[in-house]
Amino acid sequence: SRVYLNGQFLPLAEACVPVLDRGFLFGDGVYEVIPAYGGHLFRLDAHLDRLGASLAAVRIGNPHDREGWKRVLQTLVDEAGPGDCSVYLQVTRGADVKRDHGFPPPEVRPTVFAMASPLHPPPRERLERGASARVMADIRWARCDIKAITLLPNVLLRQAALDAGDDEAILVRDGLALEGSASSLFIVADGILATPPKGPALLPGVTRDLVLELAQSHGRPWVERDIAEAELRCADEIWLTSSTREVTAVTRLDGVAVGDGRPGPVWRRMADWYRACKA
Ligand code: PDD
């Protein structure tokens, strides 16, 4: 199947970007990851809203209107075939004729790239076992609400977790647990589902918002509030959510069992609600 680059659909091997592209030189761009279930792009408008916010925050003009994006992305999904897939898209500030930190002149157009990849939702037994996570100091910048392609801290944090034998890093800044290296964070404490409020310290997750919507519509109490590291460590349940990993229970934190070491009852209900809603 083909990928999309600057107005064209072409084979991956033919999709080339100049070495002076500012995404390559500076990490000067933003991205989205959107799941597609059964050929249907899931929560597409929320992802395109967030893309618009990221582009505005870094002052890159949006290269497509909403219908334009939908046409491009749906074409990729249609060509990917019948299975579930995830669509990756990125927009960089484009390729200038020299390397300079300041923005290029307006005739330099953004580089727009998108591709669809097969998405294998976590197998049942993996979901039932849960994931392991490690608490790490958040070494990222002060605008984590922007979905920037500049992911070096996230890469190093995720790899440090993998090196320690864990699946994900949970990031703590100023004593507060914020999110994973590529996922949003929830805890269940005293029967109430909690997640940190939106702000510059974390990405406004699309799956996060869906989980809150599902909690609301099923009458499950929830709250957006700060989560202290100490509360994380004694939570009854910990979940991580993302467009590619759905709702995953964390059953070990820094090598210690979360609750009884198995995915909890509130997670079980939420995972069912999520499955029903994506079907
Ligand atoms: N990451 N927080 C961070 C730092 C993320 O990178 C992501 C997603 C999320 C979850 O957001 P959403 O529910 O909208 O996917 C939270 C994507 C999947 C990635 O980088 O591959």
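This is a predicted model: local features need pLDDT of at least 70, side-chain atom pairs count only at pLDDT 80 or more; totals for chains, interfaces and linings use all residues.
Begin by colouring residues 3–118 as domain 1 and residues 124–278 as domain 2. The centres of these two domains, taken over C-alpha atoms, are 26 Å apart. In the contact between them, domain 1 contributes 20 residues and domain 2 contributes 12 residues.

Next, select strand E3 (29–37), helix H2 (44–58) and strand E5 (85–92); each of them supplies at least two residues to the side of domain 1 that touches domain 2. Which element gives the most to this side? Strand E3 does, with eight residues. By class, the residues on this side of domain 1 are 10 nonpolar, seven polar and three charged.

**Glu32, a residue of strand E3**

Remain with strand E3 and select Glu32, which lies in that strand. Is Glu32 buried or exposed? Glu32 counts as buried because it has 21 C-beta neighbours inside 10 Å, and the cut-off for a buried residue is 20 or more. To see the contacts of Glu32, display His47, Arg50, Leu51, Leu89 and Lys147; Glu32 touches these residues, when those up to four places away in sequence are not counted. Then draw a distance from the C-alpha atom of Glu32 to that of Pro121: the two residues are 89 residues apart along the chain, and these atoms are separated by 18 Å.

Most residues other than glycine have a negative phi.

Select Arg59, in the loop between helix H2 and helix H3 (66–80). Arg59 is not a glycine, yet its phi is positive, near 60°. Arg59 is exposed because it has 8 other C-beta atoms within 10 Å, and a residue with 12 or fewer is classed as exposed.

Move on to Asp190, in the loop between strand E10 (184–189) and strand E11 (192–195). Asp190, also not a glycine, has a positive phi of about 50°. With 8 C-beta neighbours inside 10 Å, Asp190 counts as exposed.

Select helix H5, residues 152–163. Helix H5 has 12 residues and reaches 16 Å from its first C-alpha to its last, close to the 16 Å expected at 1.5 Å a residue. Colour Asn154, Leu157, Arg158 and Ala161, which are buried. Why do these four residues lie on the same side of H5? They do so because they cover an arc of only 95° around the axis. On the other side of H5, Leu152, Val155, Gln159 and Asp163 are exposed.

To see what covers the buried residues of H5, display strand E7 (131–137) and strand E8 (168–173), which are included in the cover. Then continue past the helix to Gly165, which follows H5 and has a positive phi, near 90°.

**The surroundings of the ligand**

Finally, centre the view on the ligand. How many residues are around the ligand? There are 14, and Leu203, Gly205, Val206, Thr207 and Ser243 come nearest. Helix H6 (206–217) and strand E13 (237–242) are the elements that give two or more residues to this shell. Helix H6 gives the most, with three residues. Colouring the shell by class shows four nonpolar, eight polar and two charged residues.

Methods: Residues are numbered from 1 along each chain as its sequence is written. Domain bounds come from an automatic or database domain assignment. Two residues are in contact if their C-beta atoms, placed from the backbone, lie within 7 Å. Ala, Val, Leu, Ile, Met, Phe, Trp, Tyr, Cys and Pro count as nonpolar, Asp, Glu, Lys and Arg as charged, and the others, Gly among them, as polar. A residue is near a molecule or strand if its C-beta atom, placed from the backbone, lies within 6 Å of it. The expected span of a helix is 1.5 Å times one less than its number of residues. The arc is that of the directions from the helix axis to the C-beta atoms.
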